[in-house]
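Good morning, and thank you for making time for this presentation.

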Amino acid sequence: MTSRDFTDEKLNMFIDAQLDSDEMNEIRQASLDDRDLRERICQLKAVRELVGYAYSTEVPPSKYENINQKKSSTLFAKALAASVTLVVGVFLGWETYHYSPQAVDEISAENTFQYVANHVAVDHSNRKIILHIDSGDLQVVNAALNEADHLLATYKKANVPMKLDVITNRNGINMLRPGVSPYVERIKKLIDDDDVSFFACERSIAKAHKREGVEIKLLPGVITDKSAKELIPERLEKGWVYIKA
Amino acid sequence: MKVVKNLVAAFSLKSEFAARRDKLYRIAYSWCHEPALADDLVQETIYKAIKNASRLRDINTMDSWLYRILYNCWQDFLRVKGRNIEFIEMHDEDQAGQSENYQQSQIVKRVRASVEQLPLPLREVVTLADFAGFTYAEIAEITEVPIGTVMSRLFRARQNLKQQLLEFGSDELSEFKLRRVK
């Protein structure tokens, strides 16, 4: 099976896990040897990640004091305002729109992480990236570490300052546990790099401790003083690029 | 005793609804891109949910039930005001003031601009799938369209966004590729 044998509709279902297990495996297997198929999957995954990310913002306080309160009738006023705002909106849209039709053909994504990283560039003079890992799946962890290596090598070669924070939570913290993780030596090397920091969610550590009844030992140098729910938003607010493994 | 049980159940449901407020707001905002309206829609949704809590048969379907109410509130707004086309062009200047740093993020701006330009039915489906994480069947139930329509809308939405985001990211991409290690 080649990339052309799979429609985009089917690949959408694949990334949304809406196919049965045989079909999921078929695409998974085909993607191992087919770079074009991998790239198509990456692009769709990247779009999904970006949409999810774009609306994960802090919610402003509600004007309503309690949830029983019936809403006030301000909608009509808002709709009237829309006509005025429309003009401003169109203007702003054109101001920020950079059209480049050939860009579609220039894309070459190794995988989803790289693809997203390419597209969410915020500041090339000083790149700051979060790599978020919440899975203990070895394939996911391995892919994430490959990505970390790739990003570091790329930016070092280009002499572009960068900071990579690898934030783990849930089963993702297991990758940082000696005796549990097969990637300990590899991660130690990354921890020794000044540009890379590893974080383990303090809540996930506490939960793992409670669940397993043993002390959760992590590699030296792993930072454990905050939860992932604190670590990620505080970086996002400062414009860091978010990459989900 | 039954009265006490009912009171406890009602209180518990209210808490469950309130706990979902932020996520409801984000979805409402992704549809209308207007903070005050999103707040109104969520308030109306929770108000209706509390009022009609007895109709929620299965607690496990609470999420899709709540989003169905939100979707209906949104559709009611569009129907009553008849602003299906004009409203999609609104920009969120209020929101920029509330979270300035975050709003300045190029990623958010670019993606939101791309989502905003989608036709409403496509926008609703793609945010329910990609942000709220509903299955196709759940989205079909929330938006009251056949599952095939959900798939088709999602396909078109993602194709459109892929193209928009590639175009938006072209400058950065070209620059990045020059530095890339093979």
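I begin with one pair of helices in chain B: α2(B) and α8(B) cross in a right-handed manner. Please bear in mind throughout that this is a predicted model. The angle between helix α2 (residues 21–32) of chain B and α8(B) is about 150 degrees, and their axes lie 9 Å apart. Angles over 145 degrees count as roughly antiparallel, and α2(B) and α8(B) are therefore roughly antiparallel to each other. On the α2(B) side, the residues that meet α8(B) are Ile27(B), Ser30(B) and Trp31(B). Their counterparts in α8(B) are Arg123(B), Glu124(B), Thr127(B) and Leu128(B).

From α2(B), the contact draws on Arg21(B), Leu24(B), Tyr25(B), Ala28(B), Tyr29(B) and Cys32(B). From α3(B), the contributors include Pro35(B), Leu37(B), Ala38(B), Asp39(B) and Leu41(B), together with Val42(B), Thr45(B) and Ile46(B).

Helix α8 (residues 120–130) of chain B meets helix α9 (residues 136–143) of chain B at an angle of about 135 degrees, with 10 Å between the axes. It follows that α8(B) and α9(B) are oblique to each other. In passing α9(B), α8(B) makes a right-handed crossing. The α8(B) residues involved are Glu124(B), Val125(B), Leu128(B) and Ala129(B), and they meet Ile139(B), Ile142(B) and Thr143(B) in α9(B). In this contact of α8(B) with α9(B), five residues are nonpolar, one is polar and one is charged.

I now step back to chain B as a whole. How many helices and strands does chain B have? There are 11 helices and zero strands. Of its 182 residues, 46% count as buried. Among the contacts in chain B with a separation of 6 or more, 68% are between residues 24 or more positions apart.

One loop residue of chain B deserves a brief word. Leu56(B) sits in the loop that joins α3 (35–51) to α4 (62–81) of chain B. Is Leu56(B) buried or partly exposed? Leu56(B) has 15 C-beta neighbours inside 10 Å, and therefore counts as partly exposed. Leaving aside residues up to four places away in sequence, Leu56(B) touches Met62(B) and Trp65(B). The C-alpha atoms of Leu56(B) and Leu66(B) are 9.4 Å apart, with the two residues 10 positions from each other along the chain.

Finally, I turn to chain A and its sheet. Four strands of chain A form an open sheet in the order β3-β2-β1-β4, with parallel pairing. At the edges stand β3 (196–200) and β4 (241–244) of chain A; each has a single partner strand, so one side of each is without a neighbour in the sheet. From one strand to the next, the twist averages 20 degrees.

As for the individual pairings, strand β1 (residues 127–133) and strand β2 (residues 162–168) of chain A are joined in the parallel sense over seven bridges. Within β2(A), Asp165(A) is the bridge partner of Ile130(A). The pairing of β2(A) with β3(A) is also parallel, over five bridges, and Val196(A) in β3(A) is the bridge partner of Leu164(A). Although β3(A) stands at an edge of the sheet, four of its five residues are buried, so β3(A) is largely enclosed by the rest of the structure.

Across β1, β2, β3 and β4 of chain A lies helix α10 (residues 228–236), which runs at about 155 degrees to β2(A). Elsewhere in chain A, helix α1 (residues 8–15) has as its buried residues Leu11(A), Asn12(A), Met13(A), Phe14(A) and Ile15(A). Just after α1(A), Ala17(A) adopts a positive phi of about 55 degrees.

Note on methods
Residues numbered from 1 in each chain as written. Chains lettered and ligands numbered in written order. Predicted model: local features only at pLDDT ≥ 70, side-chain atom pairs only at ≥ 80, totals over all residues. Axes fitted to C-alpha atoms, helices over the stretch in contact; angles between N-to-C directions. Helix = DSSP H or I, 4+ residues; strand = E, 2+ residues; numbered from the N terminus. Parallel < 35°, antiparallel > 145°, perpendicular 65-115°, else oblique. Left-handed = near helix turned anticlockwise from the far one by under 90°. Contact = placed C-beta atoms within 7 Å. Nonpolar A, V, L, I, M, F, W, Y, C, P; charged D, E, K, R; others polar. Buried ≥ 20, exposed ≤ 12 C-beta atoms within 10 Å, placed from the backbone. Pairing = 2+ DSSP bridges.
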